[in-house]
Amino acid sequence: MSNATADTLLASTRRHFLGRGAGITLGAVALDGLIGSSIRGEPMAPPRQGRAKRVIFLTQSGGPSQLELFDHKPDLVKQAGTELPASVRMGQRLTGMTANQKQIVMPSRCAFRQYGQSGATIGEWLPHMGRVADEICFIKSMTSEHINHAPAMTFLQTGHQLPGRPSIGAWVSYGLGSPSRNLPDFVVLVSKMQRPSDQPLYDYYWGSGFLPGRYQGARFRNASEPVLYLQDPDGLPLAVRKGSLDGLSELNRMRAAQTGDPETLTRVRQYEMAYRMQSSVPELTDLSAEPAETFELYGPDSRRPGSYAANCVLARRLAERGVRFIQLFHPDWDHHSRLPSWCVARCRDTDQATAGLITDLKRRGLLDDTLVVWGGEFGRSPVGQGDWKSIEAGRDHHPRCFTMWMAGGGVKAGHTHGSTDDFSYNVARDPVSVHDLQATIMHLLGIDHTRLTYRFQGRDFRLTDVHGSVVNGVLA
Amino acid sequence: MVPFAVAGILLVCGADPVSFTRDVLPILSDKCFACHGPDATSRKADLRLDDATSARDTGAIVPGKPEESELLKRVLSTNANTHMPPAKSGKKLTPQETELLRAWVASGARYEKHWAFVPVARPAIPAVRNQGWVRNPVDSFVLARLEKSGKTPSALADSYVLARRLAFDLTGLPPSESQIASLARNASATSIGKFSDELMATNAFAERMAWDWLDAARYADTDGFQGDADRTNWPWRDWVVNAFRTNMPFDRFTLEQCAGDLLPGNGPEQVLATAFHRHHMTNGEGGRDPEESRIDYVIDRVNTVGTAWLGLTLGCCQCHDHKYDPVSQADYYRMSAFFDSIDEDGKAGKAAKPYLKYQSQHVARGIEAGQRLVDERKAAESRTRAEAMAPFTTWLKTARAHVGAGKRAWQPANPLRAESVEGTTLRVVDGFVVASGNNPRQDDYKIVFRPSLPWVTGIKVEVLPGEHGVGRGADGHVILTDIKITARSSAKQQARDVVIATAVADFQPDTKKHGGYGNVRDTLDDDPRNGWASFDRDVKEPRTLVFALSEPVQLDPHEHLVAELRQRSTMGDRNIAKMRLWATDQAGEAARTLATAPIDELAKVGSGEIPKKLENRLFEQFLATFVPHRQAAAALARAEKQLAETKAAQSVDVMVLAQRKEPRSTHVLVRGVWDKKGAKVEAGAIPSMAPWPKNTAPDRLGLARWLTSRENPLTARVVVNRLWQQCFGAGLVRTPEDFGLQGDAPTHPELLDWLAFEFMDSGWNLRHILKLITTSATYAQSSNVSAEALAHDPDNRLLARQTRYRLPSWMIRDITLADSGLLNPAMGGPPVRPPQPLGVWEDISMGRNRYEATEGPEQYRRTLYAFWRRSAAPAFLFDSAQRRVCEVRFPRTNTPMQALALQNDPVRLEAARALASRTFINNQSDTEVVAAMFRRILSRPPTPAESAVLVRELVRAKTAFSNMPDAAGKYLNNGTFLAPASIDKLALASRAVVAGMIFNLDEALSRE
């Protein structure tokens, strides 16, 4: 079947599904392969054109410290060594790691510098970020509801703390599909690390939950096969593979003529897409044609395949090829101790590459319609973990306030939204919940987060549950 | 879109009068109950439309008088302020729905209980016109509805289709040739019945049934959260298989799994059964309150009972009263009380008590199999050792000559240049790297060098004193937090990582005394909080560190090595003053120890006789480079490890249920938050569903009896619906997880009830129901569909045909193995790890969990026995349940990723090869070969047109392989199956390609 025919079939089936009025029962077995499991769908709003066409989500897993990176609290030095006032703490829950110690204030372990016209303050461990400060829209008033990693990260990714719901990338893929014919809609890149991380990156962070499996993120691995089973088997001549595919398609069509099952034609299309991916993916991941200047921009680590920096280069290449949702994961931001070595190490992994990515997108004209999002599942406490005076002290988890930032794709450049109190313990102004953030990302993509729903177990689910409002203050 | 809605309604209603449960309740539930339903807290205007009295008393409904009913007025209102449902709800009524509401109110607005909450009665078998088509009562129900819609059933399926359908549905494996032939001779109802019985008597049947139950039970071999530690609950999986093997009645099956620990006179098997309620994920994250985790587990059990037995979405009630179904939040926590006093404390990993120490009878077979593999490989290892003797003699001669010419184990690396990241000045002086100038708190030295060796197996770093000592800082000491080696090419932009396997130092201080710095191994983990240091020795003493590479590195002409020595310590100020690098090409111990390398000892010997001890060392070094031995030794080591692992499974801890001595007091949790305790509740079942069985204590035994009591309206319906789903690809209720108001209504309500009643009457006999279904004429229909029929009933709600759908991926794997003859039908025992691409576990866990694929015949076990890691499920599965929460519906979607796996997974390639290797008999022609493979996979002969395409591809493959001399050999190396050496490689490879094609046909992947 020609691609055009297959697409028409897919499109008509999708309309078909969208067109069914609510309350009418379906059990679309024959259509399952094309659309999903049996669905009683609210007609989905046709998405309006969003400011962003795609998202690059630079996920920093473990809870980066806002106090060392972005949320400058110079006056905290005066409070150093004193107990956090009860009026600030307000009985906030602690993890078992610090619940039994005194809550002693520990000021930032590093100096801050001011950058650009916006005058943004950024910690000295991120020297490269300063260069792009004027492109960034900081949200210093993020809040989360969860204080442990897995629930908090699950919440950030899926809008709910327990596994089982679709990830944000899956929702976007479901809602918008992809303009790319040869690559998946939703691609995930995980940094290759030497050190076993204490926070595994569960594959459900990019899963499709109850949405059909085709919407789940495709993780491109750092291996000779970026996609599992991508390579033709050793020794299989190309002409034979091509011949087999043609033969398969002929035989499948013969059978389809007899069974009348449209699903068979979908299978043909599935195999054709697989075949296209066999050339498009290696072409994408092969950085050998990138000029030296690219690697100079993203930093020396970008030459090491699988590093965060190399993944940033890949993210730009994916964006160029129209992939809708690109998500990087960089682990090991869980700095309970030794900020000057541990946190610095993660800053060094990411700083130049992140800044390089923004610069690169900008000069290629991609930043206008690419939304870059940076952040982790929560922040870190202004209270020292361990002896606050010791160089070995760290910080415990802190969901009450933390910093995330966005750039490009319809957000204000050189802007800071929201603020925290003098301790960076509570939000002082314009709190942004995780659901708000999700609603805003969806909005920038042209999706009304309240209307993109999926019926499962008798309920219309959405990414933002029953919460979330678009943060108008960050919109350009 | 409207025509479809109309068609849908007509399809549902036929010419019947409006029915409350079928037509009206779904509308009220979906559009109104969120604000006017059972949930008291979100109720608006004190109006309950789920309650007849409230609806009447408030005037919302005036029976018989739609025009006076506020409900209709509001629904029809054009005023945005009064219109219902309100715009902001996003809900809208279609004109058809409004009409249904009007018609219902006009006809008296009679309320009825939701169909699924009415106890099951045996419906009368309807009369049909075409009695000749009917094989058993199932057909009467289906045909009656078809006749009412003016439709006719499809023709009988072809006998081979039927044979495959039965075998797939009941065993998950293909039918045998004799089974296909026997059904071809006689496909009568009796013959099918005998076939069903035969299939249901097999172990394969029990394994097939177990798969779906494992999905429902969210069974997995790891914890799921933080670290994703392994657990050993697999004996429970064997318990399930055994229960299906012995056709344990479902009420007993329920009782043992819910309360086997409480059963009077129980044994270990009954306690083992209760592991069902321990398969939830467990979270041992540091700093997490174990009580919060424990509450999560209790909640998970209630939700699982809700889905697996009751078909209710109880999870909603964790936070509030159910918005649609008559289940209150208090009901929910009453249910939770059954599971609240387990003797557990919310811990995970190896501390997830209570445990049952269990010895599985299935392990002995595994040990035997493992021992056989070890014995085979031990013999192979000895053979290669002997084979190495002759080449060793030659090698030794050459080595002596080289040594005589001045060759030594370590060669100075002669750096080309050295640079720092943070500003230290590094100069290369006579091969030494010397630091001067700035002395930053932390710095990394990058040393570029190109050893003039054929390959490199190790790097030596000499840390040498400068002015004050080996370090430049205040105390003259050095810390090396990490070392990284990469190979960079001047012709390429990308570098490659050179992996270091081991690290040794001539001295290392006690790590604990120096803030984590001491152990040289820690320089390999990319963690700046640890590393090697020179503490506890004189700072003027030189130090030596040796790093062995995990693979010898060969540099291409444009490549050089970069060693990056990082000093990123927490305290800082420990940069190296002076250093020198060495490289070696010696295999074996030379790069792993600081001892004098064997060839350096050889140099000392000169031309004298080599002492025996040295000769042995040299031989061991040679063996490390002698490929046949290296491979054989590695294979033996893997087999030994596998055997040790199986032996360790002889006695395992299984997480089970046990009551704690002091029962906990259970509370409603306000908004579902674990530490916000509300009113105290006592254990009890959901009163709106069924009464508590008389004279039964409120414990888990009672719960099991309540679940399987005749008065319980749900369990029997839910179970037979899943059996129907197993035989038709979709249930009579298309939402098997939700029989509540928001779920789908059954397509054939009377049939569902009839089967449910029959199920209970038969003593909860699963095989009895499966036999009824599989011997019906409805089941035996063809699944072929005309365009017209597809347009009329795309979802096959009328069952005027069978269903054609893609097989689940686990079944595809099992069928592939069976077709090829590779399948190892052994039952039970610890999980195996079938081969999957390298790195799937490692990437997810940053190397914490390594996937070591099972070798030998055990790798070909059924997928049921494959190890299930929750953070990374088996890579060869698609659309499978996630095994995180209870799942009873199996989605089917299409992703190109699956097409790639089905074509390129080595197990599929070796299966194709194994199958092809069986066609080398009697000099068959191409056409005969193609036909034989086709029949084997598809249970039917190819048509001439199909045969022509396949023969064409066979010829194409032969030509291509003969034009590429090495290709066939390589192609035959995918996977581990070895065909008899007598078979011509080129012919085998070509036939394997065609077998692979047939394996990838839609028909081979489908259940028709």
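In which sense, left-handed or right-handed, does α11(B) pass α12(B)? Right-handed: that is how α11(B) crosses α12(B).

Some ground rules. This is a predicted model, where local features need pLDDT of at least 70 and side-chain atom pairs count only at pLDDT 80 or more, while totals for chains, interfaces and linings use all residues. Residues are numbered from 1 along each chain as its sequence is written, with chains lettered from A and ligands numbered from 1 in the order in which they are written. Helices (H or I, at least four residues) and strands (E, at least two) are DSSP runs, numbered from the N terminus.

Back to the helices. α11 covers 203-216 and α12 covers 234-245, both in chain B. Their axes come within 8 Å and cross at roughly 125°. Axes are lines fitted to C-alpha atoms over the stretch in contact, and angles run from 0 to 180 degrees between N-to-C directions.

Pairing takes at least two DSSP bridges.

Inside chain B, β9 (482-489) and β15 (559-567) pair antiparallel over eight bridges. One of the details: B:Asp482 has B:Arg566 in β15(B) as its bridge partner.

Conventions
Left-handed = near helix turned anticlockwise from the far one by under 90°.
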